Amino acid sequence: MTATLTALSEIARANGIDRVGVTDASVLERTRGDLEERRDAGLHGGMAFTYRNPQRSTDPQRAVPGARSIVVGARSYAADRAPRRPEGFVASVARYSWADHYAELRLGLEAVADSLRSDGERALVFADDNAIVDREVAARAGLGWYGKNANLLLHGAGSFFVLGCVITTARVDAPAAAEAPFAAGCGSCRRCIDACPTGAIVADGVVDANRCLAWLLQRGGNLPVEYRVAVGDRIYGCDDCQTACPPTVRLGRRHERAVPDAAAWVDALELLASTDAELLERHGRWYIADRDPRWLRRNALVVLGNTASRDDQAVLATLRHYAASTDAVLADCARWSLDQLG
Ligand code: B12
Ligand code: SF4
Ligand code: SF4
């Protein structure tokens, strides 16, 4: 059967999705080449995700055999205010994780998929999944354009959006694409490149994951010494190439949502005193390599070295405790932080 984008958009919007578009289900040829080229050059920094099997992650037919269309949805995570920074030694969480926007996005997309399924079609939801490259399907659906920071900036709305899609066997008719009323493209701007604390944007639209704090804080293993100061107070994710982006900051205001204070900050000392089970319960929806809470402790130790006061006895006791640990990574980070605090 043939569905219309107008009808599906109404369902999506009624279920928390801000922007909707559609594209066909052909192979994402350009991105397949980009993934292979960047992986061969080592820019993936050991990431698996979509890099593990680019033949699969760029072919919608592998996700849903017989697929004809991809309905793409975007949900804003722009916050209506800066959450209050609590007292104590707190570590910051990137904006896209201040609330579970992926869960909300998936719910909205499931409503769209349900409607397609009720017409007898196959329809599966993907969001931040290894099966398909989200930015490229969103770009092809006409939702936005790539910035030099590699993020997809939505027309007239910036990049504070999470992206997902429904891959379906249905044919989805879209009204003829109107010319976007907003200018696309970065022009001579390069603020994100200059703002990146580790120089990870190595060419326009190309991020070297070996240097990107978002990846270094997620992956397993040690934090490279040369990037520990740049970690600053971050425990999860990094926003600098987006908070430096003029269209994202200005236009993001059009799609603001309320956020809880607590979700933006994590008490570093409390984290370091918590059990594995407590950490997984509190932060389980984050991507943590191998679901191993050691990596959260590693990050928190480095945050203390960057932000704590050298006179704080509780901080020193915690760092000394970890410096004596048999865990080589945690001991190394704790010693580094003790050195930083003098
Ligand atoms: C791997 C991954 C990462 C990696 C690597 C990111 C990267 N840029 O390579 C790490 C862990 C570092 C990461 C970090 C972040 N991520 Co991430 N990540 C992914 C994931 C799982 C796969 C991305 C992928 O395969 N990319 C393929 C590569 C080839 O694409 P690309 O890097 O975007 O490159 C494109 C441009 O180079 C463009 N291009 C080509 N030629 C040219 C030329 C010019 C001049 C320009 C400008 C562009 C351009 O084409 C390429 C695509 O073919 C997706 C989810 C998914 N399933 O898709 C989320 C995803 C991309 N991440 C997302 C988010 C929110 C983030 C962070 C903002 C989180 C944070 N605050 O810490 C940061 C942003 C870092 C950054 N500047 O990109 C969102 C992005 C939403 C958006 N509006 O763009 C996604 C789509 C998740 C989601 N479903 O919402 N991420
Ligand atoms: S997320 Fe942070 S470290 Fe990664 S490219 Fe953007 S500014 Fe650089
Ligand atoms: S900061 Fe400037 S160069 Fe970077 S993505 Fe935004 S508009 Fe483009």
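# Reading a ligand shell and aromatic pairs

Mentor: The shell around ligand 2 holds 8 nonpolar residues, 1 polar and 1 charged. This is a predicted model: local features need pLDDT of at least 70, side-chain atom pairs count only at pLDDT 80 or more, and totals for chains, interfaces and linings use all residues. Residues are numbered from 1 along each chain as its sequence is written, chains are lettered from A and ligands numbered from 1 in the order written, and side-chain values use heavy atoms, without hydrogens and water.

Trainee: Which residues surround ligand 2?

Mentor: A residue is near a molecule if one of its heavy atoms lies within 4 Å of it. Ala, Val, Leu, Ile, Met, Phe, Trp, Tyr, Cys and Pro count as nonpolar, Asp, Glu, Lys and Arg as charged, and the others, Gly among them, as polar. Here the shell includes Cys-196, Cys-212, Cys-238, Cys-241, Thr-198 and Asp-240.

Trainee: How many aromatic pairs does the whole structure have?

Mentor: Rings of Phe, Tyr and Trp (its six-membered ring) pair if their centres lie within 6.5 Å; planes under 30 degrees apart are stacked, over 60 edge-to-face, the rest tilted. The search finds 8 pairs. Phe-49 and Tyr-287 have ring centres 5.1 Å apart and planes at 70°, so they are edge-to-face. They sit 238 residues apart in the chain.

Trainee: Why is the pair of Tyr-77 and Phe-160 tilted?

Mentor: Their planes are at 55°, with centres 5.6 Å apart, so the pair counts as tilted.

Trainee: Are Tyr-77 and Phe-160 buried or exposed?

Mentor: Buried means under 20% relative accessible area, exposed over 50%, partly exposed in between (1.4 Å probe, protein chains only). Both Tyr-77 and Phe-160 are buried.

Definitions and conventions
Helix = DSSP H or I, 4+ residues; strand = E, 2+ residues; numbered from the N terminus.
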